[in-house]
Amino acid sequence: MDRRVRKFIRLTTVAVLAALVHAAWAEESSASSVPASAADASLDVLRQRLAERLSTKKVDSTVKVVAKAGKGDQGGGSKDESARSRKKMAEPKPALALASPVVWGYAGAGAPEHWANLSPDNKLCALGTRQSPIDIRDGIKVELEKVQFDYPPSAFSVIDTGRTVQVNLAAGGSLTVMGRRFELVQFHFHRPSEERINGRGFDMGVHLVHKDAEGRLAVLAVLLERGRDQPLVQTIWNNLPLEKGEALKAPGLLDVNQLLPEDPSYFTYMGSLAEPPCSEGVLWMVMRQPVQLSANQIDIFSKLYPMNARPVQASSGRLIKESLSR
Ligand SMILES: [Zn+2]
């Protein structure tokens, strides 16, 4: 072989080897950079989790403020109270809970007829004249403006409060009515419905609790009747926590619009929290058209809370407005 040819082959071999070594090094260095980017990713995950926990706490504390200011509006415990107190005795941490032996609920010593006696703060439960719920009848039919709903998909957590199943929502959803914007804080379920319409009760009801910037409350009630599966209810039931009292952050986002009936007409009146301390000045809107959920979905709630509805209260001549029929 020619000497120049041999030199060419030698140089080419060296170049190819160098290229191979470089490639191998590049691969290894990129491989060694994987742990670094994985570390970044897990840091991001941690940051995100922290942010989520903080935002959940924020929602929870909002709800707590709501409840404290007398607006939670949920059902009361009942048969679960004894189980709960047993649990409390087994895990002795809440000195606070031991200080108030009778907890409000829907049966026994904490039943609605005793609410006013449980605390001086609850006077209105017995003495108020603008209490909720009511049997809605004799409303005046007028052209009510449509409620403007703005419920974007929202992060949510589900909590079994011991009196109802409640869904806490991330900030962002709201409704606007009479020029006022109320932010959606939480919604929860009752069985049977607390509201009646011309004497008729419904299998279940859901209360969407809203609060405006001044702290005024607006509750939108949707009546639920036996029928086909309700997708949003199913999502909530799928995410029911196993333990009471702990908000369980659910994966994904919730589209609260799925809870609204097609017919936008509604009844409206001024009422109260339907739970202690029964504070008044709450704007109620009750959607006229019920939404369906399946018998199985009702049964699941019934296993937790067979009855968590306050009886209807005297309407005492209050004005009730009703959308004109379509
Ligand atoms: Zn309620």
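Colleague: How many helices and strands are there in the protein?

Modeller: This is a predicted model, and the protein in it has 7 helices and 15 strands.

Colleague: What percentage of the residues is buried?

Modeller: Of the 326 residues in the protein, 35% are buried.

Colleague: And which residues touch the most other members of the largest nonpolar core?

Modeller: They are V219, A221, V222, L224 and V286, in a core of 55 residues. Strand β10, residues 217–226, gives the most to this core, contributing 8 residues.

Colleague: Let us take L224. What is L224 in contact with, leaving aside its neighbours within four places in sequence?

Modeller: The contacts of L224 beyond those neighbours are S193, F202, D203, M204, G205, V206, P290, V291 and L293.

Colleague: Changing topic, which residues of helix α7 are buried?

Modeller: In α7, which covers residues 295–304, the buried residues are Q297, I298 and F301.

Colleague: Why do they line one face of the helix?

Modeller: Viewed down the axis of α7, its buried residues lie within an arc of 100°, so they line one face. In general, an α-helix has 3.6 residues a turn, so residues three or four places apart point the same way.

Colleague: Which residues are exposed on the other side of α7?

Modeller: A295, N296, D299 and K303 are exposed there.

Colleague: What do the buried residues of α7 pack against?

Modeller: Their partners are the strands β5 (165–169), β7 (180–190), β9 (204–211), β10 and β14 (291–293), together with helix α6 (231–238).

Technical notes. Residues numbered from 1 in each chain as written. Predicted model: local features only at pLDDT ≥ 70, side-chain atom pairs only at ≥ 80, totals over all residues. Helix = DSSP H or I, 4+ residues; strand = E, 2+ residues; numbered from the N terminus. Buried ≥ 20, exposed ≤ 12 C-beta atoms within 10 Å, placed from the backbone. Core = buried A, V, L, I, M, F, W, Y, C linked by C-beta atoms within 7 Å. Contact = placed C-beta atoms within 7 Å. Arc of directions from axis to C-beta.
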